[in-house]
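Visitor: I am new to reading structures. Could you take me through this one, a few residues at a time?

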Amino acid sequence: MKQLFLLLIMSLYTLSGIGQGRTEQKIRDELDSTFLSQVGVREATGKNDGPEVEMYLASCGLGKGYAWCGAKMNWGFLENDLVPPRSAAWSPSWFPSNKVIYKKGKSLTGKPPQKSDVMGIYFASKKRIAHVGHVHRWPPNSDYATTIEGNTNGAGSREGDGVYKKRRLKRQLWIADWVSAQSG
C-alpha cells in the first residue's frame, strides 16, 4: 500500500510539472510568445470590452468595462503557470520594491532589463505607475525598448483600444523582474 501511495504521489508530481523546472530563458521566451500572440487584439466598442479583453479581465475576477492593461499581464502570467501579484489588475501591484530592477533610466541591479520583464509608466498626475506592459526587446545600444501593452493605442495612451507593440523611451520606464524567482 505504501508503494502504491508513493507511486501515486510521484505520478502527480510529474504530471503537474513540478520538478520539471523550466529554465529562466525558456519561461521568458514562452511568456514573450504568449504576449506577442495577442498583438492586434482590439476592444469591441471602445469601452474596455470584447472577447479577449473580457477574458483578460475575468482572469482577475473583473467584468467588462474596467481598465485592463494589468489584467492582460495577469492573464499572460497565468497562461504560463507563473504567479502574478495578488491585485494584478492594479498597475502599481506589479512594482513592489523587491522586484523593481530599473527606474527611469537607471539600473538598480547593475544588469539590464530582459525580455519578459514587466514595464510600467509613472504618471505624475496620478502620483503612481498607471500603465503596465511587457518588455519584448531591450536593445543594449538604444535609447528605446520595444514593449507589448494592452489598453493602449497607436499614440501610446494608457486608455487605448487594443494590444500594441510599442517603442518606448527607456528613461521613462520602470522595470520589474517577475520571472527570475519563478524559474527552476
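**Charges and rings**

Guide: This is a predicted model. In it, Arg 42 lies over the face of Tyr 164, at 4.0 Å from the ring centre.

Visitor: Over the ring of which residue does the charged end of Arg 158 sit?

Guide: A charge counts as sitting over a ring if CZ of Arg is within 6 Å of the ring centre and within 35 degrees of the ring normal. The charged end of Arg 158 is 5.6 Å from the centre of its ring, and that ring belongs to Phe 123.

Visitor: Is the pair of Tyr 56 and Trp 75 stacked, edge-to-face or tilted?

Guide: A search of the whole structure finds six aromatic pairs. For Tyr 56 and Trp 75, the ring centres are 5.3 Å apart and the planes stand at 55°. Planes under 30 degrees apart count as stacked and over 60 as edge-to-face. The angle of 55° therefore makes this pair tilted.

Visitor: Where do Tyr 56 and Trp 75 lie, and how many residues apart are they?

Guide: The pair links distant parts of the chain. Tyr 56 is in helix α3 and Trp 75 in helix α4, and the separation is 19 residues.

Visitor: Which residue forms one aromatic cluster with Tyr 56 and Trp 75?

Guide: Tyr 56 counts as buried at 0% relative accessibility, and Trp 75 counts as buried at 10%. The cluster is made up of Tyr 56, Trp 75 and Trp 68.

Visitor: What kind of pair do Tyr 102 and Trp 138 form?

Guide: Their ring centres are 4.9 Å apart, with the planes at 80°. Planes over 60 degrees apart count as edge-to-face. The pair of Tyr 102 and Trp 138 is therefore edge-to-face.

Visitor: Is Asn 74 buried or exposed?

Guide: Asn 74 lies in helix α4, which covers residues 69-79. Buried means under 20% relative accessible area. Asn 74 has 4% relative accessibility, so Asn 74 counts as buried.

Visitor: With the side chain of which residue does the side chain of Asn 74 make a polar contact?

Guide: Leaving aside neighbours within four places in sequence, Asn 74 is in contact with several residues, including Pro 84, Ala 88 and Trp 94. The polar contact is 2.9 Å, and the side chain that Asn 74 meets there is that of Ser 59.

Visitor: How far apart are the C-alpha atoms of Gly 120 and Ser 91?

Guide: Gly 120 is found in strand β3 and is buried, with a relative accessible area of 0%. Gly 120 and Ser 91 are 29 residues apart along the chain, and their C-alpha atoms are separated by 7.6 Å.

Technical notes: Residues are numbered from 1 along each chain as its sequence is written. This is a predicted model: local features need pLDDT of at least 70, side-chain atom pairs count only at pLDDT 80 or more; totals for chains, interfaces and linings use all residues. Side-chain values use heavy atoms; hydrogens and water are left out. Helices (H or I, at least four residues) and strands (E, at least two) are DSSP runs, numbered from the N terminus. Buried means under 20% relative accessible area, exposed over 50%, partly exposed in between (1.4 Å probe, protein chains only). A polar contact is a pair of N or O atoms within 3.5 Å; within protein, one must be able to donate a hydrogen and the other to accept it, and residues adjacent in sequence count only if both atoms are side-chain atoms. Contact means heavy atoms within 4.5 Å. Rings of Phe, Tyr and Trp (its six-membered ring) pair if their centres lie within 6.5 Å; planes under 30 degrees apart count as stacked, over 60 as edge-to-face and the rest as tilted.
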